[in-house]
Amino acid sequence: MAAEIICVGTEILLGDIVNSNSQYLAQELAKLGIAHYFQSVVGDNIQRIHSLLDIVRQRGSKLLIFTGGLGPTPDDLTTEAIATYFKIPLTERPQVIADITAKFAQRGRTMTPNNRKQALLPEGAEILPNPTGTAPGMIWQVAGLTILTFPGVPSEMKRMWQDTAVPYLKAQGYGQTIIHSEMMRFRGIGESSLATKVNHLFELTNPTVAPYASHGEVKLRVAARAESIAAAKQLIDPVVEEIKAIAGLDYFGSDEATLPTVVGTLLREKKQTLSVAESCTGGGLGALITSVSGSSEYFVGGITAYANGVKIKHLGVNPTDLDAHGAVSEPVAQQMALGVKQTLKTDWGIGITGIAGPRSDDSAKPVGMVCIAWADPDNQVFSHTYCYGSDRHRELIRYLSACDALDGLRRRLLGALS
């Protein structure tokens, strides 16, 4: 029996808020093994909600999960829209009134009359309690459908889902099988190149393999349906190992792994330290590294050397090389990496200098050109020039530069590059 997620709220359509509820509910449905093929967003309008319900029923979905539109204001229309669609009257639930009144009293406030609206539910619907907010949802079996409604506030919705919806769905026979997945993450290879290498795996049916890409990173989701996570992993693991063998060092981790966490783990295992010298990234690399709790174990600090004078004075960059090659050059990046390593007395140093745009510097080098260098514990220095393209915006170039700096360090920590 397939489920659909329906998020109600004009503010979502206007882009005023990010629709994180759909992502959460999709992941939760997968844990219960519930098929889920459609998601919809509809504005706060009864007629449009009715039209969407017509479409949903034509698609044959049997489990409808609504979020949003359960509050006390005139634009909160979800419950009314569902009830009028099925021509079922709304009735006030005294227990909901009592709950709302108590919650207002706990906060030292008096319930206003418009909050009584939240106690109106269709005849025959069960209350889906809201432990933290004032707007309850409902569980309603009507016309061959199971309808669950939740407030749009993510924290309230998640608590209600875990406390009431999951046990209810399991009692209804859902969750006999689960869908478990591993999200494999890659860098240094394009989506099309990786897809070509693993193309034969896209034909699998259980487990399945699907590609995703974003901001220089490629992902492969390997998912399996089984009666337990352990059984699903037995299906997934051989495919994951095959992909790792194919991808080599372009694979850097799975699921919650990020470049900062992977690099941090490697530095910690080797008991080595890192410092960074940044120009075009303006501290962005340091921010990525320190986004990991405990990074003080291996990250000593950084120098943001935006002006050439800072590069010369604090990093030991040779003025002659600056004149001959320009600030955006591999010789300068190399001296920045070695200079910060020696100044801050770390095992590794990284230097980044580039043109993030939207305009070039006096050298007329192209926007998107970034030079990155790595100085290792033996004071050997390696560098590479990346060309991210002038069509990419400034912040993306800065972000990609910081990520590639970490990826280059990852590969060298693994002894793969020289």
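This is a predicted model: local features need pLDDT of at least 70, side-chain atom pairs count only at pLDDT 80 or more; totals for chains, interfaces and linings use all residues.
1. A quick word on terms before the notes: helices here are DSSP runs of H or I with at least four residues, numbered from the N terminus.

2. Helix H4 covers residues 78–85. Buried means under 20% relative accessible area. Six of the eight residues of H4 are buried, so this helix is largely enclosed by the rest of the structure. The residues in question are Thr78, Thr79, Ala81, Ile82, Ala83 and Tyr85.

3. Which residues of H3 are buried? They are Ile46, Ile49, Leu52, Leu53 and Val56. Viewed down the helix axis, the buried residues of H3 fall within an arc of 120 degrees, so they line one face of the helix. As a reminder, an α-helix has 3.6 residues a turn, so residues three or four places apart point the same way.

4. Among the elements covering its buried residues are strand S1 (3–8), strand S2, strand S3 (63–67) and H4. On the face turned away from the buried side sit Gln47, Arg48 and Gln58, which are exposed.

5. Now to the largest pocket, with a volume of about 940 Å³. Its lining is made up of 28 residues, and those lying nearest the centre are Ala26, Gln27, Ala30, Ser181 and Arg221. By type, the lining divides into twelve nonpolar, ten polar and six charged residues.

6. Where does the pocket lining come from? At least two residues each are supplied by helix H2 (20–31), strand S2 (36–42), strand S9 (178–187) and strand S11 (217–226). H2 gives the largest share, eight residues. S2 is also one of the elements that cover the buried residues of H3.

7. Lastly, have a look at Val240, which lies in helix H8 (residues 229–247). Val240 has 2% relative accessibility and therefore counts as buried. Leaving aside residues up to four places away in sequence, Val240 touches Glu182, Met184 and Val222. Ser254 is 14 residues from Val240 along the chain, and their C-alpha atoms are separated by 9.8 Å.

Definitions and conventions: Residues are numbered from 1 along each chain as its sequence is written. Side-chain values use heavy atoms; hydrogens and water are left out. On a 1 Å grid over the protein atoms alone, a cavity is a set of points where a 1.4 Å probe fits but cannot get out, and a pocket is an open set with protein on both sides within 12 Å along at least five of seven lines; lining residues have an atom within 4 Å of a point. Grid points are joined across faces, edges and corners, and a volume is the space filled by probe spheres set on the points. Ala, Val, Leu, Ile, Met, Phe, Trp, Tyr, Cys and Pro count as nonpolar, Asp, Glu, Lys and Arg as charged, and the others, Gly among them, as polar. Buried means under 20% relative accessible area, exposed over 50%, partly exposed in between (1.4 Å probe, protein chains only). The arc is that of the directions from the helix axis to the C-beta atoms. Contact means heavy atoms within 4.5 Å.
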